[in-house]
Amino acid sequence: MNNERKEVLDAALILGDRRVTEARGGVLDHINPATGKINKTFPVASAEEVDEAVAAARIAFEQWRRWSPDARREALIRVAALLEEHGREIGTICSLEGGQPFFEQGGWYPASWFRYYAGWADKITGERINAFPFPGVDFTVPEPVGVVGLFVASNGPIGFCGMAGAPALAAGCCLVIKTPEVAPFTTVTFARLCREAGLPPGVVNVIHGGPEVGNALVTHPGVDKISFTGGTATARKLQAACATSLKPMVLELGGKSANIVFADADIDAVIPMSARFTFNAGQGCSMPTRLLVERSVYERVIDGVADIVSKVVVGRPFDPGVMMGPVMSEAAANRIVGMIAEAEASVAGAVLMGGHRMGGELADGFFVEPTMVIDVHNESVIAQNEIFGPVLCVMPFDDEDEAVALANGTDYGLAAYAQTTDMNRARRLIDSLKAGTVHINSTGPGPVSPASPFGGIKNSGYGRQGSRLGLEEFLSYKNVYLNI
């Protein structure tokens, strides 16, 4: 059965109309995070293959940008239908690749983005301008920015193909997708389905590799814009590489989002929401990983969350009843438990539960116990840095001003959450919380809606995914003055 599942793992590079299984950059082994064993070996691109991918995208761009808006709309609808049709295959790949609990409809989320942006493809318009006091006609013409270098993150590559890929394609751009080394497979399947949907060869290209491949893509003169989802440290390096050519970027980066629980909140509803940090083994950029609780209900919330977390079933993705799988790599697992140990050793917080890699039948995989660290100091390393694992930092506060100061007291600004029944307070929090998204009486974490603008401030990046704003990231507006 395991070998049958592995048959869905496609490891090729996609370079225009070519499917390349042997590349000049050599090969890498993909390790199944649930077993610690090799899934499959995949080819790594060299600078030459990056050149070939970009060249294919540039040729395809001249064709794709001239497709009529309704033709692009119908093509994206066909992509959405194929993503849904191949949901079981995609779910299997996601489980083998990233360790997520198996989900038979693995294509529904990117499909929702393609359906949404298909609706925008035939609604891209400019505007008439009153260029007083000059005669003539002044108007704007929206144009696709060109070839986009798309970096998808390891915690859900197929989802990011929808979040960033769908609006770029709707705008008339072409893609060269750089996969993460620990998750190379779902993106290849995505590219295959795009071809089946009738997108011309070269509109979607896929390359694998590490920092050298990423740098070759970012610095390539044939790439017009970079869309990057990932960590802040890598983003800084990519931004520096883009600086020499002033190449624009969209950066959707990490977070250290706070969930503020006031004593007047519906605590019975708050507790299960606050326990959702184990979703995707905590590997989510906007997850509320800092739980700030008003002191009068602090113990009650801690006890309730701990009770729910203690019942989370951790295991391999295809086992029945599993609620949480492994993290993406052994390096990630060791980094996470190292941060927990450092917090405990420096008295930055007390480990209430978890804190270790899991043993027994799961010892060979990259499993980390669901962990709660309480009484955390907000200035500590564990409170200030994104952990990207199933770890919740809990800290008390005494009043609204202190809660806001704690929530805003990091270099990140992706999301913020607040639980209160006082709508006057809620209105104040909307203004005072420094984040790209503010949730009131909700925490998710869940899929971002295609209709909502998603993105951060500060070290969480810039630009937006979702909504009309996400489409605008891939359009350039030409001003035309016509003297009649």
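Predicted model: local features only at pLDDT ≥ 70, side-chain atom pairs only at ≥ 80, totals over all residues.
Q: How is the packing of two helices described, and at what angle do α3 and α7 pack?
A: Two packed helices are described by the angle between their axes and the distance between the axes. Helices here are DSSP runs of H or I with at least four residues, and strands are runs of E with at least two, numbered from the N terminus; axes are lines fitted to C-alpha atoms, for helices over the stretch in contact, and angles run from 0 to 180 degrees between N-to-C directions. Helix α3 (residues 69-85) packs against helix α7 (residues 185-196) at an angle of about 130°, with the axes 9 Å apart. The two helices are therefore oblique to each other, given that angles under 35 degrees count as roughly parallel, over 145 as roughly antiparallel, 65 to 115 as roughly perpendicular and the rest as oblique. α3 passes α7 in a right-handed crossing, a term used if the near helix is turned clockwise from the far one by less than a right angle.

Q: Which residues make the contact of α3 with α7?
A: Contact means heavy atoms within 4.5 Å, and on that basis Val79, Leu82 and Leu83 of α3 meet Phe190, Leu193, Cys194 and Glu196 of α7. By class these residues divide into 6 nonpolar, no polar and 1 charged, where Ala, Val, Leu, Ile, Met, Phe, Trp, Tyr, Cys and Pro count as nonpolar, Asp, Glu, Lys and Arg as charged, and the others, Gly among them, as polar.

Q: How does α4 pack on α7?
A: Helix α4 (residues 87-98) and α7 pack at about 160°, with their axes 9 Å apart, which makes α4 roughly antiparallel to α7. On the α4 side the contact involves Glu89, Ile90, Ile93, Cys94 and Glu97, and on the α7 side Phe185, Thr186, Thr189, Arg192 and Leu193; by class, this contact has 5 nonpolar, 2 polar and 3 charged residues.

Q: In what order do the strands of the open sheet of 7 strands lie?
A: Two strands pair if DSSP finds at least two bridges between them. The order is β14-β15-β16-β13-β12-β17-β18, with mixed pairing, and the edge strands, each pairing on one side only, are β14 (350-353) and β18 (437-440). Neighbouring strands of this sheet are turned by 20° against each other on average, direction ignored. Within the sheet, β12 (residues 258-261) and β17 (residues 415-419) pair in the parallel sense over 4 bridges, and Asn259 stands opposite Tyr417 in β17. Helix α10 packs on the sheet, touching β12, β13 (290-294), β16 (391-397) and β17, and its direction makes about 160° with that of β12.

Q: Which strands form a hairpin, and what lies in the turn?
A: β3 and β4 form a hairpin with 6 residues between them, and Gly36 in the turn has a positive phi of about 75°. The strands β3 (residues 27-31) and β4 (residues 38-43) run antiparallel and are joined by 5 bridges, with Asp29 opposite Thr41 in β4.

Q: How many salt bridges are counted, and which residue does Asp224 pair with?
A: Side chains of opposite charge can pair when their charged atoms come close. A salt bridge is taken here as a side-chain nitrogen of Lys or Arg within 4 Å of a carboxyl oxygen of Asp or Glu, and by this rule the count comes to 23. Asp224 forms a salt bridge with Arg58, the closest N and O atoms being 2.9 Å apart. Asp224 lies in the loop between α8 (211-218) and β10 (225-229), whereas Arg58 is in helix α2 (residues 47-64), so the pair ties together parts that are 166 residues apart in sequence.

How values were computed. Residues numbered from 1 in each chain as written. Heavy atoms only, no water.
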